[in-house]
Amino acid sequence: MKAIRILTRGIRDAFKSVIRNFSLSTAAITCSSITLILVSVAMIISYNVRNITTDLERELTIVVYLKEETTEAQIESLNQILDNMENVEMYKYKSKEEWKLEIKNSSDTFSTALEYLDANPLLNSYTITVKEVKDLKVTSEEIKKLEFIESADYGEGIAENVISVFSVVEKVTIIIVGALILVTAFLIGNTIKLTIFSRKSEIEIMRLVGANNITIRLPFLFEGFILGIIGSIIPILVSIYGYVLVYDHFDGHLFTQIITLVEPFNFIIYIALILLGIGAIIGMLGSYRAVRKYLKI
Amino acid sequence: MKLIEVKNCYKVYNNGVTAIADLNLSIDRGEFVFVIGASGSGKSTLIKMLYREEKPTNGSVFVGGINVAKLRNSRVFKLRRKLGIVFQDFKLLPKLTVYENVAFALEAIGMHNKDIRPKVVKALENVGLKDKMRSFPNQLSGGEQQRVCIARAIVNEPKLLICDEPTGNLDPDISKEIVSILDKVNKELGTTIIMATHDREIVNKMKKRVLLLDSGVLANDIEKGSYVVHEGN
């Protein structure tokens with residue numbers, strides 16, 4: 001019962017203190033709001049870049065054409081080889097007849113042109129998806145060396161460049177997010193420390209009247225928690241409305257249909273929860289550090 | 001029965017200054033004792049050791065059976081709950097009302113709300129400030145603020161009241177008023193009072209036990225003493 005009483009008083013005093021020290025509370029809240037907005041923007045960019053990279057990687061395939069004379073039995077043996085290749089995620093076989101049909105259906109010009117030819121000039125093919133995109137080149141080379149292969153192509157050069165550019169962007173944004181979280185921790189922690197330093201006499205008096213360390217610390221921890229939570233509300237609203245607005249404006253795609261943005265829900269809710277967590281935890285840690293300075297433990 | 005017992009006590013600060021040297025004294029329950037001496041004589045150090053703001057370097061200081069020399073920092077609150085402290089600078093929380101300032105001492109020790117109110121009202125009655133319980137400290141005079149400080153110190157009905165120059169910031173008339181409240185607390189509640197002071201007039205008028213400190217040494221200990229008698233020391 002006593003513990004519950006101390007806890008509820010801690011919460012009550014924390015709220016009172018936030019209101020009574022209004023200007024310092026406002027400073028702490030503004031500081032956390034601004035830095036958390038930056039953290040949010042960096043997190044949204046980082047996650048989207050990661051998503052785009054994954055999408056692009058998924059699009060990358062090796063297109064393999066077989067030699068004209070390849071027989072059904074040879075195709076069967078090729079299937080087995082592909083089944084056993086470590087980096088092959090899946091493959092899709094398309095016969096030259098299927099190709100012909102597809103081309104015929106795609107345009108009238110091709111259809112007419114193909115009718116003039118007696119034999120089918122097209123080749124049987126495989127479309128291969130790999131597990132590890134970074135080993136795309138190696139896998140492509142391995143397939144090229146197999147028998148009955150006319151060609152194995154994966155868009156050399158372009159694919160590698162795009163992936164490497166995005167992976168650099170992804171790494172940079174992750175570093176920025178990390179750095180911003182550290183800066184936020186430092187700024188929020190210090191602002192809350194300032195609000196508490198200005199009340200060191202309060203802590204001194206609490207000690208003198210016989211309050212134990214937990215009783216002294218609790219209201220300040222709650223205060224840090226409340227300031228952190230309030231400070232994260234504006235960034236959360238800005239993130240949710242801002243991202244939904246951007247997503248709708250670009251219709252979910254950035255510049256081209258290939259670059260797809262992450263759908264707002266539930267993605268933005270997770271971002272909101274992370275911001276809330278960062279605010280609350282950093283607020284509490286800042287208070288903890290500041291109060292500890294005045295407690296002789 | 002002894003409430004305070006100081007034995008072979010030394011206090012040497014980190015800068016090498018010896019504030020208390022081989023001090024021996026005892027104070028019984030219910031006594032009213034003045035501690036006097038020039039600045040730097042060790043009065044404040046002695047007072048601070050009694051509520052364990054300072055720790056003796058050597059020897060022992062027993063307060064209500066607790067040896068403060070061996071009291072760990074994390075247990076200091078147990079000692080503080082047994083005593084009340086009145087300061088020269090009041091140490092009131094400016095953003096709390098008079099009532100809240102006094103209740104603060106009881107809330108800090110986890111007392112139930114329904115028990116707090118009657119105790120706070122009674123303490124404020126004892127110092128004559130019941131009608132100002134909703135005021136904030138900056139709306140009170142110095143004497144009134146000191147009375148709030150006394151109310152906060154006695155609200156928990158401590159056995160010992162430690163007063164560190166409580167009249168140091170007050171004019172003579174108000175000082176007399178404060179000391180008469182302390183005297184009343186001593187007589188009516190049976191609270192032991194130890195008061196460090198420079199106020200010669202009060203010491204002379206009260207005719208209580210006087211401990212004179214000089215360079216950290218107990219230079220004199222006289223029942224019903226006065227400031228004038230020891231001035232030459």
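## Helix α3 of chain B and its cover

In this predicted model, the buried residues of α3(B) are covered by elements that include α1 of chain A together with α4 (113-126) and α5 of chain B. Helix α3 spans residues 98-107 of chain B, and 9 of its 10 residues are buried, so the helix is largely enclosed by the rest of the structure. The buried residues of α3(B) are B:V98, B:Y99, B:N101, B:V102, B:A103, B:F104, B:A105, B:L106 and B:E107.

## B:V148 in helix α5

One residue of helix α5 of chain B is B:V148. B:V148 has 25 other C-beta atoms within 10 Å. The cut-off for a buried residue is 20 or more, so B:V148 counts as buried.

Leaving aside neighbours within four places in sequence, the contacts of B:V148 are B:L92, B:V98, B:N101, B:V102, B:L129, B:P137 and B:L140. Among these, B:V98, B:N101 and B:V102 are also buried residues of α3(B). B:L92 is 56 residues from B:V148 in sequence, and their C-alpha atoms are 8.1 Å apart in space.

## The open sheet of chain B

Chain B has an open sheet of 6 strands in the order β6-β7-β8-β3-β9-β10, and the pairing is mixed. At the edges stand β6 (83-87) and β10 (217-222) of chain B; each has a single partner strand, so one side of each is left without a neighbour in the sheet. On average, neighbouring strands of this sheet are turned by 15 degrees against each other, direction ignored.

Two helices of chain B lie across strands of the sheet. Helix α5 (residues 142-154) of chain B lies across β6 and β7 of chain B and runs at about 165 degrees to β6(B). Helix α6 (residues 172-189) of chain B lies across β3 (32-36), β7 and β8 (192-196) of chain B, at about 155 degrees to β8(B).

β6(B) and strand β7 (residues 160-164) of chain B run parallel and are joined by 5 bridges. Within β7(B), B:L161 stands opposite B:G84, and B:I162 is the bridge partner of B:I85.

Although β6(B) is an edge strand with a single partner, it is mostly covered, with 5 of its 5 residues buried. B:L83, B:I85 and B:F87 point one way from β6(B), while B:G84 and B:V86 point the other way.

## Contact between chains A and B

The contact between the two chains involves 18 residues of chain A and 17 residues of chain B. On the side of chain A that touches chain B, the elements giving two or more residues are α1 (2-20), α8 (200-208) and α9 of chain A. The residues of this side of chain A comprise 7 nonpolar, 5 polar and 6 charged. Helix α1 of chain A is also part of what covers the buried residues of α3(B).

## Packing of α2 and α9 in chain A

Helix α9 (residues 213-249) of chain A packs against helix α2 (residues 22-59) of chain A at an angle of about 40 degrees, and their axes are 7 Å apart. The crossing of the two helices is right-handed.

From α2(A), the residues that meet α9(A) are A:S25, A:A28, A:I29, A:S32, A:S33, A:L36, A:I37, A:S40 and A:I44. Their counterparts in α9(A) are A:L227, A:G228, A:I230, A:G231, A:S232, A:I234, A:P235, A:V238, A:S239 and A:Y243. By class, this contact has 11 nonpolar and 8 polar residues, and no charged residues.

Terms used:
Residues numbered from 1 in each chain as written. Chains lettered and ligands numbered in written order. Predicted model: local features only at pLDDT ≥ 70, side-chain atom pairs only at ≥ 80, totals over all residues. Axes fitted to C-alpha atoms, helices over the stretch in contact; angles between N-to-C directions. Helix = DSSP H or I, 4+ residues; strand = E, 2+ residues; numbered from the N terminus. Left-handed = near helix turned anticlockwise from the far one by under 90°. Contact = placed C-beta atoms within 7 Å. Nonpolar A, V, L, I, M, F, W, Y, C, P; charged D, E, K, R; others polar. Pairing = 2+ DSSP bridges. Buried ≥ 20, exposed ≤ 12 C-beta atoms within 10 Å, placed from the backbone.
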